[in-house]
Amino acid sequence: MTSGSYSHQSKSAVRDRRMGWAIALHGGAGDIPLSLPAERRAPREAALRHCLELGVAALKANRPPLDVVELVVRELENSPCFNAGKGSVLTTNGTVEMEACIMDGNTKKCGAVSGLSTVVNAISLARLVMERTPHIYLAFDGAEAFAREQGVETAHSSHFITPENVERLKNAKEAKRVQIDYTQPIKGAIPSSIGDSQIGTVGCVAVDGHGILASATSTGGLVNKMVGRIGDTPIIGAGTYANSYCAVSATGKGESIIQATVARDVAALMEYKGLSLKEAAAYVIERTPKGNVGLVAVSANGEVTMPFNTTGMFRACATEDGYSEIGIWPSGINGDLEYPNK
Amino acid sequence: MRGWAIAVHGGAGVDPCLPAVRQEEARRVLSRCLKKGAAALQAGLTAVDVVEMVVRELETDPVFNSGRGSALTRRGTVEMEASIMDGRGRRCGAVSGLSTVKNPVSLARLVMDRSPHSYLVFDGAEEFAREQGVEMVDNSYFITEENVGMLKLAKEANSIMFDYRVPIPGVDSCSASAGLMGATAEGGLQMNGLPISMYAPETVGCVVVDNNGWCAAATSTGGLMNKMSGRIGDSPLIGSGTYACDVCAVSCTGEGEAIIRSTLARDVAALMEYKGLSLQEAVDYAIKERLDEGKAGLIAVSRNGEVAYGFNTVGMFRGSATQDGFMEVGIW
């Protein structure tokens, strides 16, 4: 099934790097204002760095990529800086409905969950769905019941709701009301004015030295989303995908990512058209309407790419040969931080 | 340009011993739906309108597993799901976890046309249905007596399924003996871990290319007999059970988990788009190479008016028709 995987890859992809582990993670793509105040920016950069270090250490310790992506996404979920787990944005009813997805590239086994309101780490429940049920995808009451059956850590929904997100929902609702009445000036450039994670989502992709790939994505969804709304994150091929060529985790406007089957298309372009990882990812990003999507991806031979067509994307990556990067906006804009090599 | 084309399916994975009466019944329903779709295409309806109309028809008829006649969850309830995709602009809508909406595919259409989202599930989807004023019925409307019996058998079978050497009481003797004759390593034809005789072929679907070369696909299902409550299969997932773009439209059926892992519907389109395969080549490749040890089938049409199908199950209820007068209904 996996034989000949590399023969389709372009020479440039092979030339780029030798085989080795690689990891990339994101904390959401969207309209992140360049004026993002330092007090909002610093904790996010610190969280990205912390999660990257955690993932790198796990890869160096020869942990399987599936474990690494789960571990890193759990950490991102636990950080209130990002829209997943604690810090999830709120539905129009003021509740949280979290979703997550994990996929093992080697076996193409996968698990997904939606509509969680009490599970502390949605990504780990997705993994349990993959490993301990005959199904791939459980949602809402059925997923919550499964969580209790499996004894995973749960918390009162107030654990997930931050004051920042209560404020965000209020603003989003007001904005909607104001926008319907065009006689009134629109006050401020709403959600984006505080916008750092409202379209967020977190994700991680990793490959080990043997070319084994894995991908994981987790999210609280959209601010002010309808109750029961499912985005791209838990959908295999849309927000999350991994096979023997590459692992991809996408973020942005869920509806656009679903219709463009973003994550599967990156892999399909490598598999069927012979593009390199970078070429495939760039092609998919370019084809998706501007302002809608970002992704992180790694290939079997340790290539990394993190393109986006939004204003910014919270992101970080590292490879075995010592390269690493932490960024928010396009490279070179407003001081991307260099990540000092160890 | 070869004009319009339409294909329908009523699920893959058919008991080889399905009584002739039931086979005839299935053929009749498929023919009726095809004719209805063909007439609508003749009259100039768009692809997306036709797939919705035909799938509504299939949902309403209890012969197949969707809408009325849906498979039951472990708890004995019905949780239906559906999706629709218009290749024109790749717009899509999907729903899951419906228990009172008479025609899930039409609610999926409304999600696509009238909500800012593409996928609504469970309470949120039911609430949206009420808001939109679609026809709702009591959950008992969907539950047929036959399916209550099937659930009971499925539960009994599941509990002893782990030891396949134990004969399964109540299982149709023909497929049981087919198993003894070594049809599969597990010792009996199976779909989704159930003996084929009690497996309700999942899912109905329709794909259409209209006179203008626009493609659309729709799929609807009650899911798996004895499934866990909250389980989502491939049918509502864009790219897995359903996909349409400007090249082709695809609707899949079979073991949902295998279809999801294979992103089967999108892959047929991607093979045409990125690998330059023809429709039939893409369908064959997807079934043979992409379906990782799973059992499934699919129907597809291309913008050129071609129609194709493929399956690796024992049978698939299917039919197709094209503008030049071709029409076919088949099971095996």
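Which residue in strand 8 of chain B is the bridge partner of Val204(B)? The close-ups below, taken from a predicted model, start with that pair.

**View 1. Strands 7 and 8 of chain B, side by side.** Val204(B) has Ser220(B), in strand 8, as its bridge partner. Strand 7 and strand 8 (residues 215-221) of chain B run antiparallel to each other, with 6 bridges between them. In general, the strands of a sheet are held in pairs by backbone hydrogen bonds, parallel or antiparallel.

**View 2. The open sheet of chain B.** Eight strands line up here as 4-3-2-8-7-1-14-15, with mixed pairing. At the edges sit strand 4 (119-121) and strand 15 of chain B, each with pairing on one side only. From one strand to the next, the twist averages 5°.

**View 3. Two helices on the sheet of chain B.** Helix 2 lies across strands 1, 2, 7 and 8 of chain B, at about 160° to strand 7. Helix 3 (residues 104-114) also packs on the sheet, where it touches strands 2, 3, 4 and 8, and its direction makes about 130° with that of strand 3.

**View 4. Helix 1 of chain B and what covers it.** Helix 1 takes in residues 20-42 and reaches 32 Å from first C-alpha to last, close to the expected 33 Å. Its buried residues include Ala26(B), Val29(B), Leu30(B), Cys33(B), Leu34(B) and Leu41(B). Among the elements covering the buried residues of helix 1 are helix 2 (47-60), strand 1 (5-12) and strand 14 (316-322) of chain B. After the helix comes Gly44(B), with a positive phi near 90°.

Technical notes:
Residues are numbered from 1 along each chain as its sequence is written. Chains are lettered from A and ligands numbered from 1 in the order in which they are written. This is a predicted model: local features need pLDDT of at least 70, side-chain atom pairs count only at pLDDT 80 or more; totals for chains, interfaces and linings use all residues. Side-chain values use heavy atoms; hydrogens and water are left out. Helices (H or I, at least four residues) and strands (E, at least two) are DSSP runs, numbered from the N terminus. The expected span of a helix is 1.5 Å times one less than its number of residues. Buried means under 20% relative accessible area, exposed over 50%, partly exposed in between (1.4 Å probe, protein chains only). Contact means heavy atoms within 4.5 Å. Two strands pair if DSSP finds at least two bridges between them. Axes are lines fitted to C-alpha atoms, for helices over the stretch in contact, and angles run from 0 to 180 degrees between N-to-C directions.
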